[in-house]
Amino acid sequence: QVQLVQSGGGLVQAGGSLRLSCAASGSIFSINAMRWYRQAPGTQRELVAAITSGSSTNYKDSVKGRLTIYRDNAKNTVYLQMNSLKPEDTAVYYCNVAVRMTSSTQNEYGYWGQGTQVTVSS
């Protein structure tokens, strides 16, 4: 089994910064893609940022230049640095990782973090 523990988040004024982290532990051989999603009330969960095992990144257009995803492979942790936050960034943020559990299979399994609230006041 794999566990994901998220930390960070909270309440910040518009223009402020926050950093989210998501640490994976358990039966992990390797981690491929790591992603951050968010879900605002009454909306569907949406992909915000993703990073591959080779550290290639991609972002939702509305967050480009403000949010940065990065990872520490030694710690099995993914981060989301959020700068110049806007009220429309308010949501619950979830991490998602694709885990390969053993060397004997190429199969990957997706796991979700518990979610963390980010609230940006105007």
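Here is a walk through the aromatic rings of this predicted model, with a stop at one proline. Local features need pLDDT of at least 70, side-chain atom pairs count only at pLDDT 80 or more, and totals for chains, interfaces and linings use all residues. Residues are numbered from 1 along each chain as its sequence is written, and side-chain values use heavy atoms, with hydrogens and water left out.

Let's start with the rings. Rings of Phe, Tyr and Trp (its six-membered ring) pair if their centres lie within 6.5 Å; planes under 30 degrees apart are stacked, over 60 edge-to-face, and the rest tilted. That rule gives three aromatic pairs. One of them is Tyr-70 with Tyr-79, stacked at 4.8 Å centre to centre with 20 degrees between the planes. Tyr-79 is buried at 10% relative accessibility, while Tyr-70 is partly exposed at 31% (buried is under 20% relative accessible area, exposed over 50%, partly exposed in between, using a 1.4 Å probe and protein chains only).

Next come Tyr-94 and Trp-112, an edge-to-face pair at 6.4 Å and 85 degrees. This pair links strand β9 to strand β10 (residues 109-112), 18 residues apart; strands are DSSP runs of E, at least two residues, numbered from the N terminus.

Finally, Pro-87 sits in the loop between β8 (77-82) and β9 (91-100). Pro-87 counts as partly exposed because its relative accessibility is 34%.

Technical notes. Helices (H or I, at least four residues) and strands (E, at least two) are DSSP runs, numbered from the N terminus.
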